[in-house]
Amino acid sequence: MSSFSLLRSAARRTATRASLRSAGPARQAARKYSTEAKSGGGNGVLFGGLAVAIAAGGAFYFYNSSVSPLSATPFKPTPADYQKVYNRIADLLDEAGDAGYDDGSYGPVILRLAWHASGTYDKDSKTGGSNYATMRFAPESLHGANAGLDVARGLMDKIKAEFPWISYGDLWTLGGVAAIQEMGGPVIPWRPGRIDGFDKDATPDGRLPDASQGSDHLRNIFYRMGFNDQEIVALSGAHALGRCHKTRSGYEGPWTFSPITLTNDFFTLLFKEKWTWKKWEGPKQLEDKGSKTLMMLPTDFALTQDRSFKKYAQAYANDQDLFFKDFSAVIARLFELGVPVEQLPAEPWTLKTLDEQKEAKN
């Protein structure tokens, strides 16, 4: 096991997660924020090797050009099957250490894929979201906000080849769940049922947050999805993970000193550190005055300037358990945006981490 694997395992063991195992409040929220089915939809059956969810029976069918759909054999994946996919994703996270990628984990970029695939939802037009996994297609895959996510999509393609029955939307969001939980975060309730769409379903540019903006922009983007101020701030806490890359977004650096472990450090550092505008050739961003190794985006700093956002950010800075509880609930809802409720099981599932499974065997 690499040093990165050992570090991540230690972080998971020290995370406070026991109180979230039941995930009761998040279950209600997940049902409430799933999208109502659209009438007259024609994407119930997808060919070309795509897995199709038949909601009534939970079956998945596989097709190719030489096999008649009438003779196709249904496969009904169980929670155990999805746990196997989760485990393979969890194993993949640490391969970044051997590959020399970022800080030794693919977790942050895989979480970003799940986030951006879901965050395109528009509650008024009922378009976007995770249901069709439309970031597979141009021009959505080429949108500026999605720069660098070809890395995550390529990694997920490897998993897809091993488990061809899972839809891309389910795979990507399950990847987000695995990334959060394996990096020491809370339990994220999750439900399968997304289907794969076509390039015609791709969403227009401009639906994801623009880091150079302020609080009004954040509200415009997140209110469009159906979130409120508290949920905007909770979702922002994901910036405890990963880093920006000048070659992708134009910004550079990590938000925290532990970018592969989910904590409330994003919020504590926002208020604890002295932030100044970075003097450099790149876009406007802040750096901590002490080490000058951390960064914050204008949208991050807006959380300290807006009265409503600030009270929630301060609450999360003071209480990691509260942040984990609220983050678990809202990220579960985010991952289901755009998915008709008829495609989903009645109750969410919880997937066990690799450490939990190992401990259960001992």
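The chain's secondary structure comes to 14 helices and 7 strands. Helices (H or I, at least four residues) and strands (E, at least two) are DSSP runs, numbered from the N terminus. The model is predicted: local features need pLDDT of at least 70, side-chain atom pairs count only at pLDDT 80 or more, and totals for chains, interfaces and linings use all residues. Residues are numbered from 1 along each chain as its sequence is written, and side-chain values use heavy atoms, with hydrogens and water left out.

Start with the whole chain. Of its 362 residues, 56% are buried. Buried means under 20% relative accessible area, exposed means over 50%, and partly exposed lies in between (1.4 Å probe, protein chains only). Now take contacts, meaning heavy atoms within 4.5 Å. Among contacts between residues at least 6 apart in sequence, 71% join residues at least 24 apart.

Rolling a probe the size of a water molecule over the atoms shows where empty space is left. The search uses a 1 Å grid over the protein atoms alone. A pocket is an open set of points with protein on both sides within 12 Å along at least five of seven lines, unlike a cavity, where a 1.4 Å probe fits but cannot get out. Lining residues have an atom within 4 Å of a point. Grid points are joined across faces, edges and corners, and a volume is the space filled by probe spheres set on the points.

How much space lies in the largest pocket? About 1,000 Å³. The pocket is lined by 49 residues, and the closest to its centre are Arg-112, His-116, Ala-145, His-239 and Trp-255. Helix H5 (107-118), helix H8 (215-225), H9, strand S3 (243-244) and helix H11 (298-305) each supply at least two lining residues. H5 gives the largest share, 6 residues. The lining divides into 23 nonpolar, 16 polar and 10 charged residues. Here Ala, Val, Leu, Ile, Met, Phe, Trp, Tyr, Cys and Pro count as nonpolar, Asp, Glu, Lys and Arg as charged, and the others, Gly among them, as polar.

Look again at helix H9 (residues 229-236). Why is H9 said to be largely enclosed by the rest of the structure? Because 8 of its 8 residues are buried. Among them are Asp-229, Glu-231 and Leu-235. Asn-228 caps the N-terminal end of H9, with a side-chain oxygen 3.2 Å from the backbone nitrogen of Gln-230.

H11 holds Thr-304. Thr-304 is buried, at a relative accessible area of 10%. Its side chain makes a polar contact with the side chain of Gln-305 (2.8 Å). A polar contact is a pair of N or O atoms within 3.5 Å; within protein, one must be able to donate a hydrogen and the other to accept it, and residues adjacent in sequence count only if both atoms are side-chain atoms. Leaving aside neighbours within four places in sequence, Thr-304 is in contact with Leu-270, Phe-271 and Lys-310.

Move to helix H3 (residues 79-93), where Leu-93 lies. Leu-93 is buried, with a relative accessible area of 0%. Beyond four places in sequence, its contacts include Gly-104, Ile-110 and Glu-182. Leu-93 and Met-183 are 90 residues apart in sequence, and their C-alpha atoms are 9.4 Å apart.

The loop between H5 and helix H6 (149-162) holds His-143. Its relative accessible area is 11%, so His-143 is buried. His-143 and Asp-205 are 62 residues apart along the chain, yet their C-alpha atoms are separated by 6.1 Å. Not counting residues up to four places away, His-143 touches Thr-203, Pro-204 and Asp-205. Pro-139 is also found in the loop between H5 and H6.

Some backbone angles deserve a look. Most residues other than glycine have a negative phi, and most peptide bonds are trans. Ala-138 and Pro-139 are joined by a cis peptide bond, with omega about 5°. Asp-102 has a positive phi, near 45°. Asp-102 sits in the loop between helix H4 (95-99) and H5. It counts as partly exposed, at 36% relative accessibility.

Finish with a sheet. Three strands form an open sheet in the order S5-S6-S7, with antiparallel pairing. Its edge strands, S5 (275-277) and S7 (295-296), each pair on one side only. Two strands pair if DSSP finds at least two bridges between them. S5 and strand S6 (residues 286-288) pair over 3 bridges. The bridge partner of Thr-276 in S6 is Glu-287. Lys-292 is in the loop between S6 and S7. Lys-292 has a positive phi of about 55°, and is partly exposed, with a relative accessible area of 48%.
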